[in-house]
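Morning, everyone. One model to go through today, with its sequence alongside. Have a look first, then I'll talk.

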Amino acid sequence: MTIFRVDFGSEMGMGHLMRSLVYAKRFDDVIYVSKSDKKEFVPYKLVTIESEENFFDQVEKLHPAQVVIDNYNFTLEDEKKFKKRFPHIKLSVFDDDYREHFCDEIINHNLSADKNRYPNPDIVTIIPPLIREEFHKEKAIQREKIYDLFVAMGGSDTANLNIPILKTLPSSLKVALISTSSNAHLQELKNYVRDKTNIALHIDSKEIAKLMNQSRLAIVTPSVIVHEVLFMEMPFIAIKTADNQDDIYAFLKQKGFNVFEQYSQKEIKEEICKLLS
């Protein structure tokens, strides 16, 4: 059995959960342990905890062969405590920030991954970007472009950029706006789009790949979702909203993609007009 230790929600966002769910398909028997209790987002048994000590108690109880961490709040000290208490359990840690670790395996799935940037490259496993199965199926389908823009600033929109972006857009543009019930600003967003007939708000959608395929241009963050946009070979604008996006932001910028280090109404509006013209 394999335990996935992943937090998600309005403060942390949903990216860690989304990529870990793709990776979890490699294992036969999976249990998730999280500080979130939103079971509707996890197609596995979900155990909710309040602290890492609670987590260690669950590990003691469940006796997994492997633990996979996808959680930046699980620190180096936590890893040391884990390996001291459970030396026989394989500890794998997702990391794309090139941090110091005390584990058996570091996993990086970013296009920009470079194992030699880690202090301990010998334990690094570089894997291809974790693309959900729905995207592999959808890519083979040709759909009518019924939306001009696909806007997804993270399921939780931690930077609260959805409304500022929408305010830059003319009403002539059709928009597929993606969010989740973990978005702390969701009610404000619902109120804003209520009388905007050109904006379709999709909450907790199971058809992200289809909506992307039905759109001409994507506005996203340089995070997990940008791998999916690239896989779909879709033009996009990426706006950095968190420090853990620095590496993929730098990679995309170096490759000449349309990326912005921060939100700028004027620059984003100009770029949208240029790409949709």
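I'll start with the whole chain, then the cores, then individual helices and residues.

First, the ground rules. This is a predicted model, where local features need pLDDT of at least 70, side-chain atom pairs count only at pLDDT 80 or more, and totals for chains, interfaces and linings use all residues. Residues are numbered from 1 along each chain as its sequence is written, and side-chain values use heavy atoms, with hydrogens and water left out.

Now the overall fold. The protein has ten helices and 13 strands. Those are DSSP runs, numbered from the N terminus: H or I of at least four residues for helices, E of at least two for strands. The radius of gyration is 19 Å, close to the 19 Å that the globule rule gives for 277 residues, so the protein is as compact as a globular protein of that length. That radius is taken over C-alpha atoms, and the rule is 2.2 Å times the number of residues to the power 0.38. Along the principal axes, the C-alpha atoms fill a box of roughly 60 × 35 × 35 Å.

How much of the protein is buried? Of the 277 residues, 53% count as buried. Buried means under 20% relative accessible area, exposed means over 50%, and partly exposed is in between, with a 1.4 Å probe and protein chains only. The protein exposes about 13,200 Å², and carbon and sulfur atoms supply 47% of that. Areas come from the Shrake-Rupley method with a 1.4 Å probe; for residues, only the protein chains shown count as cover.

Contacts next. Contact means heavy atoms within 4.5 Å. Among contacts with a separation of 6 or more, 57% join residues 24 or more positions apart.

Charge, quickly. There are 37 positive and 42 negative side chains, and the centres of the two sets lie 4 Å apart. Lys and Arg count as positive, Asp and Glu as negative; His and the chain ends are not counted. Each charge is placed at NZ of Lys, CZ of Arg, CG of Asp or CD of Glu.

On to the cores. A nonpolar core is a set of buried Ala, Val, Leu, Ile, Met, Phe, Trp, Tyr and Cys residues joined through side-chain atoms within 4.5 Å. The largest one has 25 residues. Which residues have the most contacts inside it? Phe 150, Met 212 and Val 220. Several elements each supply at least two residues of this core, among them strand 8 (147–152), helix 7 (208–213), strand 11 (215–220) and helix 9 (246–254). Take Val 220. Beyond its neighbours within four places in sequence, its contacts include Phe 150, Ala 152, Ile 225, Val 229 and Ile 239. A second, separate core has 23 residues, including Leu 177, Tyr 192, Leu 217 and Ile 268.

Helix 1 (residues 15–24) has eight of its ten residues buried, so it is largely enclosed by the rest of the structure. Its buried residues include His 16, Arg 19 and Tyr 23. They pack against strand 1 (2–6), strand 2 (30–34), strand 4 (66–70), strand 5 (90–94), strand 6 (105–108) and helix 8. Leu 21 is in helix 1 and is buried, at 13% relative accessibility. Setting aside neighbours within four places, Leu 21 contacts Tyr 32, Phe 41, Pro 43 and Tyr 44.

Helix 8 is mostly covered as well, with six of its eight residues buried. Those six include His 227 and Glu 228. Just after helix 8, Glu 233 takes a positive phi of about 55°.

His 63 has a positive phi of about 55° although it is not a glycine. Asp 157 has one of about 45°, and is not a glycine either. Buried or exposed? His 63, in the loop between helix 2 (52–62) and strand 4, is exposed at 62%. Asp 157, in the loop between strand 8 and helix 5 (162–167), is buried at 2%.

Last one: Ser 34, in strand 2. Its relative accessible area is 0%, so Ser 34 is buried. Beyond four places in sequence, Ser 34 touches residues including Arg 5, Asp 7, Leu 46 and Thr 48. Its C-alpha lies 7.2 Å from that of Leu 46, twelve residues away in sequence.
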